[in-house]
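Biologist: I am new to this kind of picture. Can you take me through it, feature by feature?

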Amino acid sequence: MKVSMGNNRRYGYWAFAGMAFLILFLLERPIGIHVDENNYLNFAQSAPLGDSLFSGKPYIFYLFNYSMYHLLGVWFGNLKPLSLHLIYSCLSLLSLLWMIHQIEKTSRKGAGIFYSLLFFSPLFLLNSTQVMMETPVLILLNISLGGLFGLQRAPNSSKFRWITFTSACLAILFKDSAMVAILMLILTFGWKNFHPRTENPTAKMNKNCFPLVGALLVALILNALMKKFTNLPNHPFGNFKTLFFPRHWISQTAKTYDFLSIWLFYLWPPSLIAGSYYLLSNRQNENSENSQTRFFIRLVFLSFLGTLIVQFASGLHFARYTYPVLWLGLIGTSWLASQMSRPIAILIAFSYFFPVGNLWVEHLDRMNLWPSFVKEELYHSYFTVFPGVPLHHWIAFSSAEREKPCIFIPKKLTVNREAMITYLEWITHSPQFFDETTLSVISECPGPKIYAYREAQTLIDDCHVPCPTGNFSLTSCSLQNSRQTIENKEVLANRTCLP
């Protein structure tokens, strides 16, 4: 089935509008700077292998960030501190459009709605505007899935075989948890009796999953060789020896609610309901459209199992480890929902406004429409600095204000001061730092003044840390309700004053 030039032109419009929206979301994103993202940005500047030699994390992620920052970052000029974010946002959008284009060549129904349901989803907006390991993994999964649908149309295409193999292999090398997502795709596209009414129901689809099997084996061998010759330690995810200890099963079972809650949230209940209704109303239909539906049904079902596998395969309690399997499940629910009538599908897309718009609601429990597993990791975390502050906006529209600034951060009361210093060193040039002992001389510092506070307070209704007297282009104060502060009946007050 060929796609006309008019349809191809639509992708250009979608790419332009999508990139504009992603940039806007990135600049105004109020989630703060996660401790891992903070470290990854710092490593991209000065450490090509990051902390992989002692943490066991994949070295290829650090190498990619370091290369992109030093090769392309210079072309971003004043936006160089945001260069990695913008590169990942662009790649996320292009890979999404390429995947949808390959699926549309098989079935043209609802491509625009399908794109909207994926693009405006909380998972895509969140993941494509951050610098975390899951960001390139989801990009590569889009390419792998697009390649698989290309193989569905052209089983003998070496181009699609290599695209599928290379992207799947890189996805696993970027993040071990991608193995579960690749296994999902192998089961989805290698499932026997894919379409029992065809003359040869198994051979075609089994052959198409061979690049995935090869990618999985090659990635495992490369990881094993790298650990052997560089003495890389085992990362807590994928250390399958822990599965033989009953204590591990008991501790991970207690986290089942957290993992199931994010599966339900990210796959989005309205899409799940609409997809279920579509299946029930078309269960007797055996045409080619319905046979393709089975792909997406399996992605949804396997994403549920994949979430549980990630839960027990990891010794760490992080929601983002499930993002690869959740993304494939979301693709499944979004495609099923896009097959509904256009008004219903549009309403589902608009329903994303509630959790996404909730990010900008100023109250103590910001992100209260999100699962606690997600918001405690992203926002209400003891280690997330500058929450609620549109720092990316300030970076984009400031230049002289970031040259040799004079930065005051108290030592005595500030929580996680070092992380704040690390990020401010990343976004400014030649900063000078002051604390209580040097407050009297900060007025003699000739550069623009930045004041940042992050203190625990017992008053939980408002942020009571004021900005000093001065001219500031942006002042922000937000509250964090982390587990540590809840136990002490306190909140973290974050006051940021930017020139």
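Modeller: Start with a pair of strands. Seven bridges join β3 to strand β5, residues 491-498, and the two run antiparallel. Keep in mind that this is a predicted model.

Biologist: Which residue in β5 is the bridge partner of Glu-455?

Modeller: Ala-493 is the partner of Glu-455.

Biologist: How many bridges join β1 to β3, and do they run parallel or antiparallel?

Modeller: Three bridges link strand β1, residues 406-408, to β3, and this pair is parallel. Cys-406 has Lys-449 in β3 as its bridge partner. Ile-407 is bridged to Ile-450, also in β3.

Biologist: What is the order of the strands in the sheet?

Modeller: Read it as β2-β1-β3-β5-β4. The sheet is open, has five strands and shows mixed pairing. β2 (432-434) and β4 (474-480) stand at the edges. Each has a single partner strand, so one side of each lacks a neighbour in the sheet. From one strand to the next, the twist averages 15 degrees.

Biologist: Which helix packs on the sheet?

Modeller: Helix α22, residues 417-427, does. It touches β1, β2 and β3. Its direction makes about 155 degrees with that of β2.

Biologist: How should I think about side chains on a strand?

Modeller: In a regular strand, side chains alternate between the two faces of the sheet. β3 spans residues 449-457, and seven of its nine residues are buried.

Biologist: Let us turn to helices. How do I read a pair of them?

Modeller: Two packed helices are described by the angle between their axes and the distance between the axes. Take helix α14, residues 256-267, and helix α15, residues 269-281. They pack at about 70 degrees, with axes 5 Å apart.

Biologist: Why are α14 and α15 called roughly perpendicular?

Modeller: The label covers angles from 65 to 115 degrees. The angle of about 70 degrees falls there, so α14 and α15 are roughly perpendicular to each other.

Biologist: Which residues meet in that contact of α14 with α15?

Modeller: Trp-263, Leu-264, Phe-265 and Leu-267 in α14 meet Pro-269, Ser-271 and Leu-272 in α15. By type, the contact has six nonpolar residues, one polar and no charged.

Biologist: At what angle do the axes of α9 and α10 cross?

Modeller: Helix α9 (residues 158-174) and helix α10 (residues 178-190) cross at roughly 150 degrees. Their axes come within 8 Å. In the contact, α9 supplies Ala-168, Ala-171 and Ile-172, and α10 supplies Ala-178, Met-179 and Ile-182. The residues there are six nonpolar, no polar and no charged.

Biologist: What about the residues along one helix?

Modeller: An α-helix has 3.6 residues a turn, so residues three or four places apart point the same way. Now see how covered a helix can be. In helix α6, residues 111-119, seven of nine residues are buried. Among them are Ile-113, Phe-114, Leu-117 and Leu-118.

Biologist: Is Asn-223 buried or exposed?

Modeller: Asn-223 is buried. Its relative accessible area is 17%, and the cut-off for buried is under 20%. Asn-223 lies in helix α12, residues 210-230. Leaving aside neighbours within four places in sequence, Asn-223 is in contact with Ile-172, Leu-173 and Asp-176.

Biologist: And which residues does Val-356 touch beyond four places in sequence?

Modeller: Val-356 touches Phe-25, Phe-120, Pro-122 and Leu-125. Val-356 sits in helix α19, residues 353-357. Val-356 is buried, at a relative accessible area of 11%. Look at Phe-25 in particular. It is 331 residues from Val-356 in sequence, but 10.0 Å away in space, C-alpha to C-alpha.

Biologist: Now the overall picture, please.

Modeller: The protein has 23 helices and five strands. Of its 499 residues, 55% count as buried.

Note on methods:
Residues numbered from 1 in each chain as written. Predicted model: local features only at pLDDT ≥ 70, side-chain atom pairs only at ≥ 80, totals over all residues. Heavy atoms only, no water. Buried < 20%, exposed > 50% of the residue type's maximum accessible area, 1.4 Å probe, protein only. Helix = DSSP H or I, 4+ residues; strand = E, 2+ residues; numbered from the N terminus. Pairing = 2+ DSSP bridges. Contact = heavy atoms within 4.5 Å. Axes fitted to C-alpha atoms, helices over the stretch in contact; angles between N-to-C directions. Parallel < 35°, antiparallel > 145°, perpendicular 65-115°, else oblique. Nonpolar A, V, L, I, M, F, W, Y, C, P; charged D, E, K, R; others polar.
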